[in-house]
Amino acid sequence: MARRKADRPTERSERRAETNAVAAYLTALRAPKVPARSRANLEKRRAQIEQWIAEESSPIREVELIQQRLDVDAQLAQIDQAARLPELEGAFVQVAASWAKRTGVSAAALREVGVPAGLLRQAGLL
């Protein structure tokens, strides 16, 4: 039976969603570990930097402070991503087998990028 044209956008959408779930998990997996600073400490540090930026008259010092703020923002984003890891793992498990079959990616390749064997087992790849 031939595929209907109406089915193709749905299939593309499903493939895109699978790829996005795998990519989000692999990105979180490879993200550098955040230093042991707590979210509250980082938010306090960010507020202090914002205050210094507002009071700064030197353009050089201002740009240095802006870079410090950007660094703190990056650490906060890593904390947020680490907190989402269980959610991302669940989404990965749901789609990994279908995605791997469609793309020809083996469980061995996923293991090499750091996906734990237990997670691959849950996904039905081992």
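How many residues apart in helix α2 are Glu 50 and Arg 46? I started my notebook there and found them 4 residues apart, which means a separation of about one helical turn.

**Ground rules.** I am working with a predicted model, where local features need pLDDT of at least 70 and side-chain atom pairs count only at pLDDT 80 or more, while totals for chains, interfaces and linings use all residues. I number residues from 1 along each chain as its sequence is written, and my side-chain values use heavy atoms, with hydrogens and water left out. My helices are DSSP runs (H or I, at least four residues), numbered from the N terminus.

**Entry: the Glu 50 and Arg 46 pair.** I looked up the side chains and saw that Glu 50 and Arg 46 meet in a salt bridge at 3.3 Å, N to O. I call it a salt bridge when a side-chain nitrogen of Lys or Arg is within 4 Å of a carboxyl oxygen of Asp or Glu. For accessibility I use buried for under 20% relative accessible area, exposed for over 50%, and partly exposed in between (1.4 Å probe, protein chains only). Glu 50 comes out partly exposed at 29%, and Arg 46 is partly exposed too, at 25%.

Entry: Arg 69 sits in helix α3, residues 59-83. Is Arg 69 buried or exposed? I noted it as buried, because its relative accessible area is 19%. Leaving aside residues up to four places away in sequence, Arg 69 touches Arg 46, Ile 49, Glu 50 and Ile 53; touching here means heavy atoms within 4.5 Å.

**Entry: another pair in α2.** Arg 39 and Glu 43 also form a salt bridge through their side chains, at 3.6 Å, N to O. They are 4 residues apart in helix α2 (residues 39-55), so about one helical turn separates them. I have Arg 39 as partly exposed at 32% and Glu 43 as partly exposed at 41%.

Entry: My count of salt bridges comes to 8. One of them joins Arg 102 to Glu 18, with the closest N and O atoms 3.2 Å apart. Arg 102 lies in helix α4 and Glu 18 in helix α1 (residues 7-30), so this pair ties together parts 84 residues apart in sequence. Arg 102 is partly exposed at 35%, whereas Glu 18 is buried at 14%.

**Last entry: Gln 94.** I placed Gln 94 in helix α4, residues 85-103. Gln 94 counts as exposed because its relative accessibility is 70%. I also checked Gly 124, 30 residues away along the chain: its C-alpha atom and that of Gln 94 are separated by 9.3 Å.

Key. Helix = DSSP H or I, 4+ residues; strand = E, 2+ residues; numbered from the N terminus.
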